[in-house]
Amino acid sequence: MAETLPCATLSRALTEPLHGTASVVRGWVLLEQPGPWGREAVTESRLEPALAAELERAAEAAHLRLLLIRRPGLGASQPHACFVAHTSQAGRWLERRRLDDPAELLELDMDAVVAGKRPHFGETVDEPVYLVCTNGRHDRCCATYGRPAALALAASHGELIWESSHVGGDRFAGNLVCLPGGHYFGRVGPGEAARVVDRHLAGAVDLDHYRGCCVDPPVVQAAEWFARRAIGLVGVADLDFASRDRLAGGMQAVRFHCPAGEVRVLLRATRDAEPRLLTCNSARPEPPLTFDLLEVAQA
């Protein structure tokens, strides 16, 4: 039997679009934990097992994304830096704290973080952090494509860069996430990684790698990308979500405020593509969600 192609290799070969593929996340905790990570990074790391299990349960109950982070390269980390972030249309913020003991995270009200209430768990951070998923035990593509990007970015942008556990969308590796902005970028290689981050730091998104923003559902992410591409808007603040309407025939209309007034995107989301394994570890084939652009109109 022929070996199945790695999911990211297959996605690239199929020229699968990146837009509309960012995870939807409201609350984040990033916990520095150097050393190896297993497929389930939190519970298969060097964290004390009972603590890891308790943190994982608390995060799942709150619908919060708990990630492990570490500095790119070998053994450069000193545990345990911790970041807490919220990402939603209502607001985005990032706090940082250095933990003497990771058990201090049990004090955090994760439900409040997801709801957007600042926990004052640490100091407010003004500069962003950039996460590159490198967890090869979760999916081999994250290591194959993520680690070279992380090392390149560590050389160009230093302390802003962290390796992270699973952020979602293994087949789009190398995956890069910015917090607290919530912007996801995919297929970021070492050759273009610095450009993607430089543009983002300057207030722009690189549309060739932009997957979407985690504050929005996939159809709004796709509509944003279509609008940006059609009108030529790359500024992070150039589009402001206004409304979303479900229409007959599976169509949806998404409106954004923009510098010139308003833009309306008409599109349809389907799962009509051929089923395939969407990650290297998928149990069964399934069709990916795709988006058909019907119209972009400015008012």
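**Entry 1: Glu123 and Arg96**

I began with Glu123, which forms a salt bridge with Arg96; the closest N and O atoms are 3.1 Å apart. The two sit in distant parts of the chain, Glu123 in strand S5 and Arg96 in strand S4, 27 residues apart. This is a predicted model, which I kept in mind throughout.

Next I asked how open the two partners are. Glu123 has 45% relative accessibility, so I noted Glu123 as partly exposed. Arg96 goes down as partly exposed too, at 32%.

While on salt bridges, I also wrote down a network: Glu16, Arg171 and Arg276 are joined into one by bridges that share partners. My search of the whole structure found 15 salt bridges.

**Entry 2: another bridge from S4**

I stayed on strand S4 and looked up Glu95. The side chain of Glu95 meets that of Arg118 in a salt bridge, 3.7 Å from N to O. Arg118 lies in the loop between helix H3 (110-115) and strand S5 (123-124), while Glu95 belongs to strand S4 (residues 91-98), so the pair ties together parts that are 23 residues apart in sequence.

Are these two buried or exposed? Glu95 has 2% relative accessibility and therefore counts as buried. Arg118, at 35%, counts as partly exposed.

**Entry 3: the sheet**

I then traced the strands. An open sheet is formed by 10 strands, with mixed pairing, in the order S5-S4-S3-S1-S2-S7-S6-S8-S9-S10. Its edge strands are S5 and S10 (210-213), each of which pairs on one side only.

Helix H4 (residues 140-157) packs on this sheet, where I found it touching S2, S6 (129-133), S7 and S8 (176-179). The direction of H4 makes about 150 degrees with that of S6.

I looked at some of the pairings one by one. Strand S3 (residues 81-88) runs antiparallel to S4, and the two pair over eight bridges.

**Entry 4: Glu163 from several sides**

Glu163 is in strand S7 (residues 161-164) and Arg70 in strand S2 (residues 65-70), so I logged a link between distant parts of the chain, 93 residues apart.

I checked accessibility against the 20% limit for buried residues. Glu163 is at 5% and therefore counts as buried. Arg70 is at 12%, so Arg70 is buried as well.

Arg70 had one more contact for my notes: Arg70 lies over the face of Trp37, 3.7 Å from the ring centre.

**Entry 5: the two sides of S7**

I wanted to know which way the side chains of S7 point. Ile161 and Glu163 point one way, Trp162 and Ser164 the other way, and all are buried.

That took me to Trp162. The charged end of Arg71 sits over the Trp162 ring, 3.5 Å from its centre.

**Entry 6: aromatic pairs**

My count of aromatic pairs came to four. In one of them, Phe83 and Trp162 have ring centres 5.9 Å apart and planes at 75 degrees, so I put the pair down as edge-to-face. Phe83 is in strand S3 and Trp162 in strand S7, 79 residues apart, so here too distant parts of the chain are linked. Phe83 is buried, at a relative accessible area of 3%. Trp162 is buried at 3% as well.

I then turned to Phe185 and Tyr210. How are their rings arranged? The centres are 5.6 Å apart and the planes at 45 degrees, so this pair is tilted. Phe185 lies in strand S9 (residues 183-185) and Tyr210 in strand S10, so the contact ties together parts that are 25 residues apart in sequence. I noted both Phe185 and Tyr210 as buried.

How values were computed
Residues numbered from 1 in each chain as written. Predicted model: local features only at pLDDT ≥ 70, side-chain atom pairs only at ≥ 80, totals over all residues. Heavy atoms only, no water. Salt bridge = Lys/Arg side-chain N within 4 Å of Asp/Glu carboxyl O. Helix = DSSP H or I, 4+ residues; strand = E, 2+ residues; numbered from the N terminus. Buried < 20%, exposed > 50% of the residue type's maximum accessible area, 1.4 Å probe, protein only. Pairing = 2+ DSSP bridges. Contact = heavy atoms within 4.5 Å. Axes fitted to C-alpha atoms, helices over the stretch in contact; angles between N-to-C directions. Phe/Tyr/Trp six-rings, centres within 6.5 Å; stacked < 30°, edge-to-face > 60°. Lys NZ or Arg CZ within 6 Å of the ring centre and 35° of its normal.
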